[in-house]
Amino acid sequence: MRTVNPLRRSCAACALAFAALAGAVSGAQAAATITIVNLNEPGVGFNDPTPAATVGGNSGTTLGQQRLIAFQAAADIWAANINSSVPIRVGASFVPLSCSESSAVLGSAGANDIFSDFPGAPKTNAWYPSALASKLAGTDQAPGSPHIVARFNSRLGLFPDCLPGSGFYLGLDNHAGTAIDLVSVLLHELGHGLGFQTFTDDETGEQINDVPSIWDYFLIDNRSNKLWVNMSNEERRLSSISYRGLSWNGPKVKAAVPVVLGPESTLLITGPAAGGAAGNVDVGDASFGPPLGGVPVVGQLMPVVDQENGTGLACTPLSPANALAVRGNVALVDRGVCAFVVKARNVQEAGAIAMVVADNAAGELTGLGGADPSITIPAVRITQQAGIDLKAKLTRRSRTTSGVIASLGVNPGKLAGTDAANRIRMYTPTELSPGSSVSHYTTDARPNQLMEPSINADLPHEVKPPRDLTLPLLQDIGW
């Protein structure tokens, strides 16, 4: 048997703290038992004595208690969906993590150790995460140490330099509103700790000690149909930045894809002024407003122009001229300055029937985050380049026409986020995102999936079909 600590930082301190600290909270008896081990010092993190009012079914009376209750709620969801005779230990803490006024690290989690060629291993020459290796062996492969190590941002939303106004929602009822639902974040990160990750270096393609992750046996290049486990380091490196070129080939996920994923959203551009911009434009869905359906929403694509440089942010109520332009039409606005839901609300109040948001920077296509039940029009996102191409065709033949027709609907013959073989794609942007690339699902799945690289506001507390594809993937690797 071989074992390695896969974390790039040393975790010796974590193991020592785990052994020294008391106060573990055991999960409810279920298909598995997940125990949360509090690694925080007195007075901070899970032990923060700041008084807290009951929220969303969380009965804790202090901030620390509510954090621990939310953590255990997420652990219990996972415990009810996996099987293991070996109790799973999660060494957890709330600590200050990187953040600014506009962005923040929410948290991270992963396997504390990995093992290969242990008794009962379904595959030889493959790294398995600690919790899964213990389950498959039937005996604890890491006695005295946590199987999963997890850290979350203790400063989020509580300080002016750490995403002020956007803290964690500690309720258990999945009604976070504009806050960040902690249970959803915890479900995501615990998924990584259970094995939703590769231990192969996504930057170089190198395997640890020349041994592949069990994960790598199911990753397939959807253009060459070559598995990661059979690739060279350079081939894996290029695959990590292949943009929609990498898929999951596991049988459990492939069987669940048609149950979970809906049809791909489309933006069809036509009209006398469309010219070279005519045809289908890739879009990202919004987590707010109605989803696109079989009956398309059709209208003139009209730009909002409220900035001196010719862009339109729609962060304030529209001027009479802009309101007249978008009334009964599809509003084209630019990303930036304010939340997507604010833009949608402003163009909706001006009479727009839908909203298209053009990105303000080059990059891969993602959706529109946010939540606002008052928004009743659909919204999608397009890339910066697509926005530039469309704006060049918007001639505004009159104050209410542009010569470009936008039709927002779905393609019933294509499932969102899948390749030509109906396999869900993995997240492989052309610019490597360390820790996110390869070890997440694609961002264009519909509905949004728990294991996408960002936490979306529309995620329920689910890990399995018919809503989510996380559990099938873990089953593919051995759970």
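How many positive and negative side chains does the protein chain have, and how far apart do the centres of the two sets lie? The count is 32 positive and 39 negative. The two centres lie 5 Å apart. Keep in mind that this is a predicted model.

Now the overall fold. The protein chain has ten helices and 20 strands. Its C-alpha trace spans about 75 × 55 × 35 Å along the principal axes. What about the radius of gyration? For 479 residues, a compact globule would come out near 23 Å. The protein chain has 24 Å, so the value agrees with that expectation.

Next, packing and surface. Of the 479 residues, 54% are buried. Then contacts.

Let me zoom in on one residue, Arg89. Arg89 sits in strand S4, which covers residues 88-95. Is Arg89 buried or exposed? Its relative accessible area is 15%. Buried means under 20%, so Arg89 counts as buried.

And which backbone oxygens does the Arg89 side chain meet? One belongs to Ala142, and lies 2.8 Å from a polar atom of the Arg89 side chain. Another belongs to Ser145, with 2.7 Å to a polar atom of that side chain.

To recap on Arg89: a strand S4 residue, buried at 15%, with polar side-chain atoms 2.8 Å from the backbone oxygen of Ala142 and 2.7 Å from that of Ser145.

Conventions: Residues numbered from 1 in each chain as written. Predicted model: local features only at pLDDT ≥ 70, side-chain atom pairs only at ≥ 80, totals over all residues. Heavy atoms only, no water. Helix = DSSP H or I, 4+ residues; strand = E, 2+ residues; numbered from the N terminus. Rg over C-alpha atoms; globule rule 2.2 N^0.38 Å. Buried < 20%, exposed > 50% of the residue type's maximum accessible area, 1.4 Å probe, protein only. Lys, Arg positive; Asp, Glu negative; His and termini not counted. Charge placed at Lys NZ, Arg CZ, Asp CG, Glu CD. Polar contact = N/O pair within 3.5 Å; in protein donor to acceptor, adjacent residues only side chain to side chain.
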